[in-house]
Amino acid sequence: MKKFKKLIKAGIIFILIYLAFLFAAYIEYNTNIEIQKQKIKDEMMITQTKLENIIGARIISGKGIKPYIEISTDFKQDTFELFAKNIYESKDGLVKSLTFITDSTITHIYPYEENKQAIGIDLANIEEQSEWILFGMKNDKNILAAPVDLVQGGTGLIIRIPIAIDGDYYGQLAIVFDFDKTMELTGLVELSEDYFVKLTTYNTLKNEYLTVWENTDSEIFEQIARGINFYDIDLKLEVAPKSGWQGYSTFFLLIILIGFFISIATSYFFYKLLASEESLVSKNLLLKTSEDELIIKYQEVLDQKQKNQHLAIHDPLTGFYNRRKCIEDLEKKIEEGMDFTIFLCDVDNFKRINDTRGHTYGDNILREIANLIKDVTSRFENNYRIGGDEFIVIIPNLKDSAEITGRMNYFYKELAKNSSEGQINNRVTISVGISRFPIDGDIVEDLIMKADLAMYEAKRKGKDQFCFFEHALLENLINKVEIENQIRYSLKHSGFMLLYQPIIDKNTAQIESFEALIRMKHSDISPAVFIPIAEETGLIIEIGKWVIDETLRQLNKWRKEGYLLKPVAINISPAQIYDGELENYLLASLRYNDIAASLIVIEITENLLLRNIEESIESLNKLRKIGCKISLDDFGTGYSSLSYLTYIPVDKVKLDKSIKDRFLLSGNIEVMKVLIELCHTLDLEVVIEGVETITELKKLLSTESDYFQGYYFAKPLPPEDAIKLIRIEYDGL
């Protein structure tokens with residue numbers, strides 16, 4: 001009887017202990033499922049972020065059409081193309097076309113040629129389109145429709161963005177995405193490899209959810225659903241593992257197995273030592289330890305969840321809020337009607353810092369700058385990192401220019417102080433653009449874009465300063481884009497021409513050479529205007545190649561017509577030298593036109609010496625070796641230094657017209673004589689530019705300059721007129 005009681009008690013101990021292990025196994029089982037669910041939620045959050053970035057970024061850009069419409073007196077197709085091109089030509093290639101619907105009629109489209117047949121169609125008269133068009137006219141809400149069979153073939157995802165001007169409906173912008181590519185870039189295709197996935201959108205008209213994309217025709221059970229709402233678009237993402245939720249794991253099986261053996265062993269020893277209080281305490285302690293371990297594991301799961309939620313709205317490098325959170329906060333402040341000011345800060349020359357000191361050092365710089373921004377802002381102001389080296393500070397209840405200027409002066413003082421004290425260990429400067437609500441706009445993307453324009457204006461003015469947004473900046477941007485489009489058009493449709501201005505030899509009184517000068521055929525835009533824009537956009541490389549080919553073609557034509565050939569100077573941009581292909585391209589064109597390299601003079605400016613001096617000198621030496629002469633143009637402006645002339649491989653120096661005007665006006669021509677004598681000492685020939693009258697020429701003859709150029713001899717002329725002057729002897733020499 002006593003033995004039976006001991007067995008009963010030992011059996012109870014076995015059951016209790018094993019139940020504890022079963023409970024632990026149950027916790028492990030559920031924990032594994034929770035981890036799976038958390039993993040899916042994390043992947044769903046990533047997919048949501050990609051959806052918001054891919055579609056939301058286009059919505060933000062699409063709403064940017066409003067200032068184009070407001071500024072343009074007549075919103076035409078070319079203005080629409082100017083706007084639409086940046087969205088259409090994004091690097092991911094997602095956008096297939098953009099359509100603008102004025103009232104309910106298609107009035108603008110891009111790309112134009114393959115879609116122009118759609119112009120003039122009134123969508124209100126098309127049954128499958130009319131409900132959505134009328135809904136967009138009555139409700140200021142963005143609309144997503146997908147999948148849609150496109151007229152031009154394939155499947156698309158369409159975003160319709162209503163545009164209101166002065167509070168009244170004006171039209172709608174429709175952005176057509178490549179459906180398959182969009183689904184792939186959002187991660188849905190990759191997610192579907194292991195999970196059943198279904199993405200639906202809320203159909204406001206039918207008051208139901210419609211399927212956008214799914215990888216199964218069957219109903220998804222035990223799914224995780226996530227509602228996605230951004231910019232008035234309601235989406236729902238449902239995900240479930242294909243093989244169901246798996247709570248089993250090696251650790252789970254070990255708990256079951258080890259628990260069984262421990263329970264057997266414990267009950268056995270309890271049976272042997274039933275009277276031992278110490279044994280009971282030991283078993284209780286074992287149970288308590290298992291419970292503590294389970295609590296710790298559960299806490300780890302909770303901590304990871306909180307960490308993921310933090311990363312969703314924070315920048316991991318600086319701890320600042322990220323771009324997504326910035327846009328959300330700005331939308332909220334605009335909705336509340338609160339006055340605020342945006343400071344958009346960009347680190348000057350940050351790429352150079354990364355290239356010369358390494359990305360680790362660059363990250364340290366960004367952290368130090370973030371700390372500085374944090375130190376000079378109050379707890380009422382929010383800080384964001386929205387890009388690689390771009391930060392935004394939102395300051396509420398601030399729009400007075402004087403107060404903003406005071407805040408910025410304090411910021412720059414603290415930045416200089418931190419640099420001088422070695423905290424940053426490098427002279428770092430920052431350019432800041434400023435926009436204000438409601439003064440500069442009432443749309444998030446509009447305010448950020450205007451702050452960005454102001455920031456680039458600060459950089460243009462010399463960096464290390466701040467600049468307020470002004471409407472002239474937007475007008476200048478539109479003007480620059482129009483000029484850039486004219487340059488591109490001229491390159492594609494033979495819209496450039498070369499004029500030739502003679503350079504006169506003092507000793508022979510005849511033409512020594514010509515300078516080829518580029519002009520637009522059908523526009524009076526000065527080269528002084530379109531050349532800097534070409535350099536900024538990189539189009540100067542293509543223009544430079546055209547100038548080389550056209551000059552050599554003209555020399556070949558003159559030779560075939562029986563004229564005596566004279567050297568022609570062509571202006572070369574620093575970008576062409578840095579490109580590294582100038583020598584090979586010039587050689588190929590010389591061979592094609594059968595022209596000697598000695599007939600080409602390469603004209604450079606001192607800007608070439610601002611960077612990559614050694615590589616630039618090496619390139620110039622290569623050009624001299626193939627037979628070209630090198631001329632230093634505009635000497636006396638910009639960064640002029642006689643020391644340059646001692647090591648730059650040049651054959652000729654052209655004194656800028658401003659030098660001639662200055663010394664003739666002051667009557668101090670002796671300075672020019674000394675300057676020219678120094679050039680001759682260095683075996684350099686000298687050209688004086690801008691000679692306009694016989695009086696100027698007579699005074700300049702005493703300088704011993706080798707050559708003269710200017711309107712007194714001839715203005716830049718078409719080739720057929722310029723070549724006729726080849727044997728003329730000019731008066732006054």
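A cavity, for these notes, is a set of points on a 1 Å grid over the protein atoms alone where a 1.4 Å probe fits but cannot get out, and its lining residues have an atom within 4 Å of a point.

**Ground rules**

I'm working from a predicted model, where local features need pLDDT of at least 70 and side-chain atom pairs count only at pLDDT 80 or more, while totals for chains, interfaces and linings use all residues. Numbering starts from 1 along each chain as its sequence is written, and side-chain values use heavy atoms, with hydrogens and water left out. Helices (H or I, at least four residues) and strands (E, at least two) are DSSP runs, numbered from the N terminus.

**Entry 1: cavities**

I searched the whole structure and got three cavities of 30 Å³ or more. Volumes here are the space filled by probe spheres set on the grid points, which are joined across faces, edges and corners.

I took the second largest cavity to begin with; its volume is about 70 Å³. Which residues line the second largest cavity? I listed Ile541, Lys545, Ile548, Gln576, Asp579, Glu581, Leu582 and Tyr585. I sorted the lining into four nonpolar, one polar and three charged residues. My classes: Ala, Val, Leu, Ile, Met, Phe, Trp, Tyr, Cys and Pro are nonpolar, Asp, Glu, Lys and Arg are charged, and the others, Gly among them, are polar.

Then I went to the largest cavity, at about 110 Å³. Its lining includes Phe343, Cys345, Arg407 and Tyr410. The elements giving two or more residues to that lining are β10 (340–347), α11 (359–376), β12 (390–396) and α12 (401–420). The largest share, four residues, comes from α12.

Is Leu555 buried or exposed? It counts as buried, because its relative accessibility is 0%; I call a residue buried under 20% relative accessible area, exposed over 50% and partly exposed in between (1.4 Å probe, protein chains only). I looked up its contacts (heavy atoms within 4.5 Å). Leaving aside neighbours within four places in sequence, Leu555 touches Leu565, Lys566, Val568, Ile595, Leu599 and Ile600. I also noted Pro719, which is 164 residues away in sequence but 9.7 Å away in space, C-alpha to C-alpha.

**Entry 2: parallel strands**

I count two strands as paired if DSSP finds at least two bridges between them. Strand β17 (residues 568–571) runs parallel to β16 (residues 511–520), joined by three bridges. β17 also pairs with β18 (residues 600–604) in the parallel sense, over four bridges. I followed Ile570 across: its bridge partner on one strand is Ala516, and in β18 it is Ile602.

**Entry 3: the five-stranded sheet**

What is the strand order in the open sheet? I read β2-β1-β5-β4-β3, with antiparallel pairing. β2 (105–110) and β3 (143–149) each have a single partner strand, so one side of each is left without a neighbour in the sheet. On average, neighbouring strands are turned by 25° against each other, direction ignored. My axes are lines fitted to C-alpha atoms, for helices over the stretch in contact, and angles run from 0 to 180 degrees between N-to-C directions.

Ten bridges join β4 (residues 155–165) to β5 (residues 168–178), and I found Ile159 opposite Ile175 in β5. Helix α4 (residues 127–138) lies across β1 (95–102), β3, β4 and β5, at about 130° to β5.

I checked for cis peptide bonds. Ala146 to Pro147 is cis, with omega near -10°, and Pro147 sits in strand β3. Phe437 to Pro438 is cis too, with omega near 5°; Pro438 is in the loop between β13 (430–437) and α13 (444–460).

I also looked at positive phi outside glycine. Glu222 has a phi of about 50° and sits in the loop between β7 (208–214) and β8 (224–230). Its relative accessible area is 60%, so I logged Glu222 as exposed. Asp594 has a phi of about 55°, in the loop between α18 and β18. Asp594 is exposed as well, at 54%.

How values were computed
1 Å grid on protein atoms, 1.4 Å probe; cavity = no way out; pocket = protein on both sides within 12 Å on 5 of 7 lines; lining within 4 Å.
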